[in-house]
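Please keep the sequence and the structure in view while reading.

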There are 2 protein chains.
Amino acid sequence: MKQSLLFVPTLKEAPKDAEVKSHKLMSRAGLIKQVAAGIYTYLPLGYKVIQNIERIIREELEKIDASELLMPALQPSDLWKESGRWEKYGPELMRLQDRKNRDFCLGPTHEEVIVQVVRDYVNSYKKLPLALYQIQTKFRDEMRPRFGLMRGREFIMKDAYTFSATAEDLDVWYKKFSKTYIDIFKRCGLDTKIVNSDVGQIGGDEADEFMVMSEVGEDSITYCDMCDYAANQEHSGLVEGDPCPVCGAPIKVAKGIEVGNIFKLGTKYSESMNAKFIDSDGSSKPMIMGCYGLGISRTLMASVEQHSTESGILWPKEISPFQIHIVPVNLKDEFQRELSYEIYNNLRGKGIEVLLDDRYERAGVKFKDADLIGIPYRIIVGKDSGEGKIEFINRYTDIKKLINKTDILDYI
Amino acid sequence: MKQSLLFVPTLKEAPKDAEVKSHKLMSRAGLIKQVAAGIYTYLPLGYKVIQNIERIIREELEKIDASELLMPALQPSDLWKESGRWEKYGPELMRLQDRKNRDFCLGPTHEEVIVQVVRDYVNSYKKLPLALYQIQTKFRDEMRPRFGLMRGREFIMKDAYTFSATAEDLDVWYKKFSKTYIDIFKRCGLDTKIVNSDVGQIGGDEADEFMVMSEVGEDSITYCDMCDYAANQEHSGLVEGDPCPVCGAPIKVAKGIEVGNIFKLGTKYSESMNAKFIDSDGSSKPMIMGCYGLGISRTLMASVEQHSTESGILWPKEISPFQIHIVPVNLKDEFQRELSYEIYNNLRGKGIEVLLDDRYERAGVKFKDADLIGIPYRIIVGKDSGEGKIEFINRYTDIKKLINKTDILDYI
C-alpha cells in the first residue's frame, strides 16, 4: 500500500487527555481518533492491526472446533427480563426505545441472545456439545472512560459460549479455551498471567482473568516469574518479595491489564431462560454453559503499551499492519524513486504486506513517522540506489546492513 | 468443517411471518434466526456467506486504492447538529442518552463521523484525494421491518466516502465506484441495473441505485435486456413493451431490490461541517465529497432470492459457504465412513472449503438438508466406497458421475 493513499495522519503532539503511553502513541501514529469520550474511530493502520488480531483468534478457535456466528448489538428487553438482568444491570447498560416504545439495550455481552439461539434448536444430548463465538462490537456506558481503548464505551470483543451436557465436558472446554487464550495472546506479543476472579455481572460458578502485567493496569496482581502463580493482591494478601506459594521464589507485584476472561456459567442462564435438553437417560436437564471473552481493542492497546518507547511502536510480527516499510530518502531522485517502486512491486507480487512511503516529504519527517508507526523491517532507499543497493534494518535487533536489492528476501 | 460442530439448525417449516422465498429458505437452511422484528443473528453458515461477500468487497476496493477503517456505531448528537441532520432525520434515526444525559444516535450512515475524521487532518490539496470505507453494522428504525434481511433495523453495510479537490476528481471516483459495484455484485452472482435516483435523506447533487430485478423488490423498474437502460417506472412513465429509449428494444418492467447506492454529495457536508482545504492557488475551499453504500446483508438476501427454488439454495461459486459437501449415505458403514474422512482430510489439506455431513442421520434427511443448504459440488459416498468410488455431482449442471476418489480434484 502507498502511504499517501492509506491515510496515516501522524501527529507531533498527542491529544491533551491522553494519559498513558499507548493512548498517546496510538493517537500520534494515526491508529485511532476519538469521536466522543470512550468512543473511537479505528484509522486504517489501527484497523489493520485489529484485523490481524481477529485473524489470529479465528485461526486458533478453528483448531478447537468453535464455530463463528454474529449476533445483533440491539437486544430486546424481553430476553434480559427472562435472565433477570434487565433489573439487575446498572447504568453501564445502554438502554433505548424503538419508535413503538419497546425497550432495547445495546449488548455489553450476549448470554441472553446465544441462549435464545441455541434453546430453540438443540433438544437432545446428541446435539451437544456446541462452541459458538462471535467477533462483535460491544457497548458499556463506563462511568469514567479512560486510557484510550482500555476503558471504552464502544469496543470490539470476541465472545464465545459453550453448551455442554455434563460438568466434565464444561471442564474440557474451559481448559481448551484457557490454553487457546494463552496461545492467542502470545501470537499478539503478550505474555499473560491467569488470575482467579470474581464472577461479577456475568454470574456463574468460577472465573479466570487473563492479565498482562503493565504499569497502566487497573488491578494489583501478585505473581511469580518462575512459575504460573498469579493472584489479585487483595485476595492473596502478599507483598513484593514474599515467598511464592507455589515454587518459593519471591513474589512480584504489578498492575495488570485484563485482556480476557472466562467463566463457568453453569446453569445460571439455561435455568432462568429454560434452555433444556433430553439427556441419554430420557430426563430433561438445563444445558451447562461456559462463556469466554477476549477484548480485541484492549489487546491492541496492551500490545502497544508493551512494545513501544515514548517515541514509537515496534509491532510484534504477527499483528504488524505491514511487514516491510520502504522509505526512500529523496523521492525526487529518479534512481531512488525507480528502485523504491521496483522493490515495492516485487515484494507485493510475492504476497508480502509492504508499505511504501511515497510522500514528497523531507527524509527527517519520513524517518520520524516510520519510527512512530513501527513496522519491524525497514528498507531505506538512498544514495546507493544507483548500484541497486539499499539499507535493510531489522528493528527488532537494530542491525543495519547495506545489501543488494536481489538479497532482500533472504533478509526477511 | 464437520456439520455436527458447525451448528446448522435446518428446519422443516419456515417461521410463519416469513413472506418471501429468501426469508423462508434462509430460516429453513439455518442461515439466520430472528431476535426481534428486523433484527437477526447470522448463524455460522449464513455468516460464512457474509464474510465471503465482505472479502470480495475488500478485494475489489483495494484495486481502486480505497482504504479501510472502522467508525463507531454510537455517534454524538453534536456532530449531527453541525450537519443539520439531528433535527431533520425522522424516527428512523435511533436516539439514546448516555448516563450523563448526553444525546447520541446509532449511525444509519456515517457522513458526519467521516467528515470529523478527515477535516482535522487534511488541510491541503496535496493530501487529496482520499477514498475511505468501512464494513460496519448500521441501525435504522424501520416503520415496518420485513422480508427478512431486506428491510432490517440492524444490518451490515459497506459505506465508502471520497474527498476530492475538484468536481472532475469526484466524477472519476464516482465512475470507479460505479464500475467496481457492478464487478462486486457480479462476483456475488447478481446482475444489477443502474437507476438514477433521488438523493433522499443523504442529500447532495446526484445519485444512482444498483438494482437487482426480482419479484420481491420494492420499486418498479423499467429496463431493457439488450442495453444498460433502466429507470424508475414513475420517472420514465413507460409500460411493458414500450420501445426502449436507448436501443429501441421492448421495455420490461420488474420490481427491483436496491443493493447499492452512490451519491455525489458535493459540498453539502463539508460546508456545514467546515471541512476545508487550501487549494494550489492558496484559497480555502470545502472538500468535494462522494458517498457509496452497499448493503451486505441485503446482497446475501438478494443472492438467495435469485439462486434458489422453493426447496433449496444453489450458491454462486464465490460466495458459497463451502465449495464441496461430502454426504456419506450411511456413516455406520465402515468403508463409507473411512472413505468420507479420507476425502475430507485430503481436500482440506489442499485448502479447499469442504463440509462433511458427519451426522448419524438417515440418508434422506441428509440429502434434503444438502439440497436446502446449497453447496455447489456434492460428493456422495455410498455403496461403491469399497472400491474407492464416489458419486460426484455438479449441482450447477446437475451432471452426476461415478468417479474414482483420486480423480476428484479434476472434477472441481
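Helices (H or I, at least four residues) and strands (E, at least two) are DSSP runs, numbered from the N terminus. This is a predicted model, in which local features need pLDDT of at least 70, side-chain atom pairs count only at pLDDT 80 or more, and totals for chains, interfaces and linings use all residues. Residues are numbered from 1 along each chain as its sequence is written, and chains are lettered from A and ligands numbered from 1 in the order in which they are written.

1. Positive phi angles. N274(A) lies in the loop between α9 (268–272) and β14 (276–278) of chain A. Although not a glycine, N274(A) has a positive phi of about 60°. N274(A) is exposed, with 11 other C-beta atoms within 10 Å; a residue is exposed if 12 or fewer other C-beta atoms, placed from the backbone, lie within 10 Å of its own, buried if 20 or more do, and partly exposed in between. N101(A), also not a glycine, has a positive phi of about 60°. It is found in the loop between β5 (94–97) and β6 (103–106) of chain A, and N101(A) is exposed, with 6 other C-beta atoms within 10 Å.

2. Cis peptide bonds. L128(A) and P129(A) are joined by a cis peptide bond with omega about 0°. P129(A) belongs to the loop between α6 (111–119) and β7 (130–139) of chain A. In chain B, the bond from L128(B) to P129(B) is cis, with omega near 0°.

3. Contact between the chains. Chain A contributes 40 residues and chain B 41 residues, two residues being in contact if their C-beta atoms, placed from the backbone, lie within 7 Å. The side of chain A that touches chain B has 28 nonpolar, 4 polar and 8 charged residues. Here Ala, Val, Leu, Ile, Met, Phe, Trp, Tyr, Cys and Pro count as nonpolar, Asp, Glu, Lys and Arg as charged, and the others, Gly among them, as polar.

4. Contacts of one leucine. Leaving aside neighbours within four places in sequence, L132(A) is in contact with residues including L69(A), I114(A), Y161(A) and F7(B).

5. A sheet in chain B. The open sheet has 5 strands in the order β20-β19-β21-β22-β23 (chain B), with mixed pairing; two strands pair if DSSP finds at least two bridges between them. The edge strands, β20 (354–356) and β23 (399–404) of chain B, each pair on one side only. Strands β19 (residues 324–328) and β21 (residues 377–381) of chain B run parallel and are joined by 5 bridges. I324(B) has Y377(B) as its bridge partner in β21(B).
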